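Please read the following report alongside the sequence and the three-dimensional view.

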Amino acid sequence: MRTYHCFWLLFWAGQPQQSFLTLLSKRTSGFPEKEKVLVLSGNSRRDLSRSKRSWMWNQFFLLEEYTGTDYQYVGKLHSDQDKGDGSLKYILSGDGAGDLFIINENTGDIQATKRLDREEKPVYILRAQAINRRTGRPVEPESEFIIKIHDINDNEPMFTKDVYNASIPEMSDVGTFVVQVTATDADDPTYGNSAKVVYSILQGQPYFSVESETGIIKTALLNMDRENREQYQVVIQAKDMGGQMGGLSGTTTVNITLTDVNDNPPRFPQSTYQFRAPESTPPDSPIGRIKANDADVDENAEIEYSITEGDGHDMFGITTDKDTQEGIITVKKALDFENKNLYILKVEATNTHVDPRFLYLGPFKDSATIRIQVEDVDEPPVFSRPAYIIEVKEDVPINSVIGTVTAQDPDAAKNPVKYSVDRHTDMDRVFNINSGNGSIFTSKTLDRETLLWHNITVIAAEINNPKQSSRVPVFIKVLDVNDNAPEFAMFYETFVCENAKTEQLIQTLSAVDKDDSYSGHQFSFSIAPEAASSTNFTLQDNRDNTAGIFTRKTRYNRHEMSTYFLPVVISDNDYPIQSSTETVTIRVCACDHRGKMLSCNAEALIHPTGLSTGALIAILLCIIILLVTVVLFAALRRQRKKEPLIISKEDIRDNIVSYNDEGGGEEDTQAFDIGTLRNPEAIDDNKLRRDIVPETLFMPRRTATARDNTDVRDFINQRLKENDTDPAAPPYDSLATYAYEGNGSVAESLSSLESVTTDGDQDYDYLSDWGPRFKKLADMYGSMDSDKDS
């Protein structure tokens with residue numbers, strides 16, 4: 001039902017007479033219509049306290065979401081100058097005028113053409129005016145009025161998120177804050193309870209609760225365990241109208257995840273573990289893995305493994321694999337089945353990150369027993385020592401045993417062992433070994449002065465399984481014996497002045513010994529017995545491994561004796577005593593008054609500028625180089641003669657070869673002529689080539705004689721084939737040009753080479769009959785005939 005409210009507005013129209021405008025509004029209320037008229041008279045203007053104007057404003061109220069089929073009636077505008085004769089026209093402008101709101105220009109009725117939504121626009125401001133239809137002039141001034149949209153509960157609450165995600169630690173206390181959800185209502189909060197929202201939980205009890213006014217979600221159950229359930233889905237409802245019946249509602253989903261805390265200790269799935277390890281397992285090698293289960297995750301599940309007790313604490317170790325949280329059991333020392341074949345260990349697994357809040361749940365560690373069975377394998381022989389050091393004297397006889405190595409099979413079978421020397425470590429085969437008992441003996445003599453240490457490797461292998469072998473180094477030190485005589489530390493060549501005095505020191509001697517002396521060397525010096533009676537020099541032993549040579553007379557004459565050779569005997573004091581005789585060369589030289597040497601050779605008086613040894617060697621080398629140069633030059637000359645005379649392709653003559661010497665012309669019968677091609681029978685088989693010197697004489701091969709009147713071309717082809725297969729032919733290609741004219745030439749051959757084969761002189765008079773072109777040739781040969789006649 002509708003209720004219509006009528007509002008009368010009296011305004012001053014601007015004309016001399018009084019004017020009235022009426023604004024009517026009707027609304028459906030279910031009660032009888034009642035008009036309310038507000039009249040402002042022009043005669044009572046003096047009674048008003050407001051300023052003078054002819055239009056008063058008012059506001060209309062209109063419900064939103066109108067669902068009727070007709071236009072929704074808003075109100076009515078009326079002017080007191082409207083006589084009902086249709087002379088006035090009402091005009092509406094402002095928000096939605098003409099589109100959303102229309103006015104009857106005759107009656108002033110205002111209607112809404114569309115359904116209005118307060119949430120889109122709650123207030124519309126419009127302007128109204130009455131004009132004279134005939135003149136178009138306004139009879140009332142323009143004035144504003146308001147249409148206010150009344151709200152109805154047409155919007156449900158909307159959450160700010162469709163889905164909320166939150167997390168809390170497991171085992172949290174009751175009332176722990178989880179997350180706050182928020183819903184908004186687009187209805188007017190100032191008009192009724194349309195926008196008053198109340199929250200409630202539809203799904204998620206008894207684990208969580210929500211505050212009805214704030215939307216704060218809290219835990220409602222004690223000791224929620226992540227290991228039992230990790231994910232929770234809570235549905236929250238927001239309802240307007242304060243939660244009363246008939247209110248609109250909206251829902252949202254809250255996904256709640258329980259995060260892990262360290263509330264579970266590690267636990268081994270079994271109390272005892274069994275592993276097997278071959279005794280050949282090298283140290284630091286893994287032999288097995290164990291794992292303690294922890295229901296927690298991430299750092300709360302990190303475990304540290306350790307060996308707490310057992311008889312293999314020093315033989316085995318355990319480490320933690322950070323990726324899998326497994327305990328890796330490794331071998332720390334070499335295993336020996338024959339020594340111990342079973343180890344029992346106690347292993348403990350402990351959490352590395354313990355939460356003190358949950359210590360009341362018990363110790364966060366667990367233990368298990370590990371049994372490790374050592375398996376027997378076929379092991380190589382084991383030497384009694386890791387290395388052997390043997391000392392032997394250098395004078396030990398060949399095939400003498402100098403030491404023994406021992407190895408045995410550690411297995412229970414005790415397989416026999418054979419020994420050998422790794423020849424890569426004893427290339428000279430100085431030592432050998434008895435393959436049965438491991439005794440090492442010498443195969444060659446030893447010399448400490450040549451090599452003090454011999455480092456060899458001995459191999460011990462099982463006889464039944466040679467692949468099972470092991471090696472051991474043997475260091476052999478050669479001990480010294482006194483087998484080297486002392487000798488001069490250097491070559492001594494000294495001089496004595498002709499004017500030397502008696503008992504004058506001319507040279508100090510020292511000696512060395514290759515042998516080693518534990519107490520130090522002690523040498524004695526003396527002049528050899530055969531020279532002890534000499535009256536030229538004396539030798540004095542200084543008892544400090546040195547000796548001095550002294551003059552025994554006053555003057556020396558280099559012309560009588562230019563050089564003295566003094567034999568000196570050097571002896572050591574070791575056993576057996578070794579001695580050697582060394583010679584000191586003493587030259588007699590001319591010296592000045594200060595004893596400075598001037599000249600030592602007697603020939604120097606005649607040839608003062610003698611050549612030194614170095615100069616003589618240089619001269620000898622120069623002579624040798626000169627001789628080698630001459631020999632090489634002669635060899636090159638000889639090689640050059642062997643080269644063919646036709647060197648380049650451009651060097652082509654009428655003959656086969658060219659000579660560097662001038663020939664004898666037609667009378668040189670040794671030259672190659674073409675006549676032989678015409679007469680193959682005339683070829684001298686014994687003639688040799690003159691362009692090279694033959695190195696090897698081959699027997700000439702007799703070729704078949706060509707038949708008479710054989711064409712030259714066939715003859716040449718035949719000779720080419722023969723030369724291709726002839727081993728005596730030169731190793732290079734030869735080229736010959738014969739100027740062969742063929743069988744059809746009228747003038748026949750013009751070559752003078754063929755004249756050698758004729759018996760008599762030829763007549764060249766016919767050349768003059770051949771015309772001007774042959775005049776030169778006719779004159780040449782005609783003059784030759786005249787010379788012969790004369």
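For residues 682-693, where pLDDT stays under 50, how many contacts beyond four places in sequence does the model have? The model has 24 such contacts for residues 682-693, where a contact means heavy atoms within 4.5 Å and pLDDT is the predictor's confidence in each residue, from 0 to 100. This is a predicted model, in which local features need pLDDT of at least 70 and side-chain atom pairs count only at pLDDT 80 or more, while totals for chains, interfaces and linings use all residues. Residues are numbered from 1 along each chain as its sequence is written, and side-chain values use heavy atoms, with hydrogens and water left out.

Confidence and the whole chain

The average pLDDT of the protein chain is 78, and 76% of the residues score at least 70. Over residues 1-57 the pLDDT stays under 50, and the model has 149 contacts beyond four places in sequence for this stretch. Where pLDDT is low, the predicted coordinates should not be read in detail.

The protein chain has four helices and 45 strands; helices (H or I, at least four residues) and strands (E, at least two) are DSSP runs, numbered from the N terminus. Of the 790 residues in the protein chain, 35% are buried, where buried means under 20% relative accessible area, exposed over 50%, and partly exposed in between, with a 1.4 Å probe and protein chains only. Among contacts between residues at least 6 apart in sequence, 67% join residues at least 24 apart.

Disulfides

Two disulfides are found in a search of the whole structure, a disulfide being a pair of cysteine sulfur atoms within 2.5 Å.

| Disulfide | S to S | Angle about the S-S bond |
|---|---|---|
| C497 to C591 | 2.1 Å | -85° |
| C589 to C600 | 1.7 Å | 100° |

The link of C497 and C591 is left-handed, and this pair connects distant parts of the chain, with C497 in strand β38 (residues 493-497) and C591 in strand β44 (residues 579-591), 94 residues apart. C497 counts as buried because its relative accessibility is 8%, and C591 is buried because its relative accessible area is 13%.

The link of C589 and C600 is right-handed; C589 lies in strand β44, while C600 lies in the loop between β45 (597-599) and α1 (613-642), eleven residues apart. Both C589 and C600 are buried. With bonded cysteines counted along the chain, the disulfides follow the pattern 1-3, 2-4.

A further cysteine, C622, counts as exposed because its relative accessibility is 53%.

An open sheet

Four strands, in the order β5-β11-β10-β7, form an open sheet with mixed pairing, where two strands pair if DSSP finds at least two bridges between them. β5 (59-63) and β7 (88-94) stand at the edges with a single partner strand each, so one side of each is left without a neighbour in the sheet. β7 and strand β10 (residues 123-132) run antiparallel and are joined by seven bridges, and K89 stands opposite I131 in β10.

A buried arginine

R226 is located in the loop between β18 (216-219) and β19 (231-239). Is R226 buried or exposed? R226 counts as buried because its relative accessibility is 10%. Leaving aside residues up to four places away in sequence, R226 touches E170, L258, T259, D260, A295, D296 and V297.
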